[in-house]
Amino acid sequence: FFFKQKTAYEIYQCDWSSDVCSSDLALQQLAGAPGQAMLSLASIVASVSLMVSMAIMVASFRTSLEHWLDQILPADLYLRTGSAGDSAFLSPAVQRQMAGLPGLQRVEFLHSQRLLIDPQQPALLLLARDVEPGQVEQVLPVMRSLSSAQKAQATQSNRIALWASEAAAERLAWQPGQQLQLPLFPGQQFYIAGVWRDYARQQGALLMARGDWLRLGGDASASEAGFWLAPGASLASLRQALRDLPGASALDIAAPGEIRAASLAIFDRTFAVTYALEAVAVLLGLARAFAGPAFSALAPNLVPREDLVSAYALNSVTFNITRFIGPMIAGIVINTWGVSPTILCNTLGAAAFMTSLRLMRIEYPDVPPAGKAFAILAEIREGFAYVVRHRGLGPLMAMLSALSLFPYSIDLLLPSLADGVY
């Protein structure tokens, strides 16, 4: 039913004798276009490769995030001020109170504040962390840095080391060894000691030792803290002791496992759209795989048999011209009026197509011949069996099905890939 190009009357009568049209056309097209067959095969390979590469990219990124979390969360418990913004902080008195809690081996505090380097760029986040300059590469995922001799030479010149996150270094074109000044400390020379990977602060960050920060007169408050337990100490007891401090209701307290699970859950939700796009692409491909043969079965009822070849050629020319010109027109419309008009035009076009299908009237005989009950599922099964047995239609339909399932879905997947790459 779906694969033979029959008239409605022949379909209703179950007359499969005149299969010359579809078979001969298929064989002639397959035999006369080996280059097109190779192009189609290349499109299938490219499409499958794109879908597989996107899945590998997401899985690789997730693995990289897991390793980053393992390195960036070495403490037993973490604390940060709530969502009150820059006004929320831990005063020096509170820091001393926390550091004196029982069961602690050591505690590290971190001060953060916004820093505007370039008025044309978003503000960075300046981090002052309780860490010695020589230990930064042991506690951060440093990607590239100066050698020990170069750092020693810079320190002798009274310059203070800064570590730039990868996002900040790429945006501001910073390299290890580059000298710079910060608006907060005019006259003080700094240098980029290294570049580290930071997935948490996409706007970019600069890190410096908190000792240097305080020595320059920086704010002694803190916004985050990491706690290391003494041997035999209880994590639950430390958590409860922190909860008992004054103002603890404004604090977010979490263990590394909790932070790790929450981060990976956010990652999975963010990239779920990629798998959803792939699922939608496959479903649309399956729909096209059935819609194409259905249209082929419908076409002989729209034009006379002697004009069938010309009608198919005209339809193919129109389809390919619109696929070539349509994106250019859409680009002009989007640049001039925005995205909404293009969506409206696409919706109106689909509505016009559905309306035309609704208005089509195909006449069938009033009464089916005796013993010829019209069973759509049986006809579909017979059509599949016919295609599988046919030496020309079988390979052709297999190729068309693969083309519908994979290459036509690239348009759905490319925006997601391009947004992440470019």
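Helices (H or I, at least four residues) and strands (E, at least two) are DSSP runs, numbered from the N terminus. The views below show a predicted model, in which local features need pLDDT of at least 70 and side-chain atom pairs count only at pLDDT 80 or more, while totals for chains, interfaces and linings use all residues. Residues are numbered from 1 along each chain as its sequence is written, and side-chain values use heavy atoms, with hydrogens and water left out.

**View 1. The protein as a whole has 15 helices and ten strands.** Of its 422 residues, 35% are buried, where buried means under 20% relative accessible area, exposed over 50% and partly exposed in between (1.4 Å probe, protein chains only). Among contacts with a separation of 6 or more, 75% come from residues 24 or more positions apart, a contact being heavy atoms within 4.5 Å. The protein exposes about 24200 Å², of which carbon and sulfur atoms supply 61%; accessible areas come from the Shrake-Rupley method with a 1.4 Å probe, and for residues only the protein chains shown count as cover.

**View 2. Strand β7 (residues 190–196) and the strands paired with it.** Seven of the seven residues of β7 are buried, so the strand is largely enclosed by the rest of the structure. Strands are taken to pair if DSSP finds at least two bridges between them. Strand β5 (residues 160–165) runs parallel to β7 and is joined to it by six bridges, with I160 standing opposite F190. Strand β4 (residues 142–145) runs antiparallel to β7 through three bridges, and W196 is the bridge partner of V142. Strand β6 (residues 179–180) is also antiparallel to β7, with two bridges, and here Q179 stands opposite Y191.

**View 3. R159, in the loop between α6 (148–156) and β5.** R159 is buried yet has no salt bridge, and the nearest side chain of opposite charge, that of D212, is 12 Å away; Lys and Arg count as positive and Asp and Glu as negative, whereas His and the chain ends are not counted. A salt bridge is a side-chain nitrogen of Lys or Arg within 4 Å of a carboxyl oxygen of Asp or Glu. Leaving aside neighbours within four places in sequence, the contacts of R159 include Q179, Q188, Q189 and Y191.

View 4. D130 counts as partly exposed at 26% relative accessibility, whereas R210 counts as buried at 5%.

**View 5. The salt bridge between D212 and R215 in helix α8.** The side chains of D212 and R215 meet at 2.0 Å, N to O. Because they are three residues apart in helix α8, D212 and R215 are separated by about one helical turn. D212 is buried, with a relative accessible area of 11%, while R215 is exposed, at 61%.
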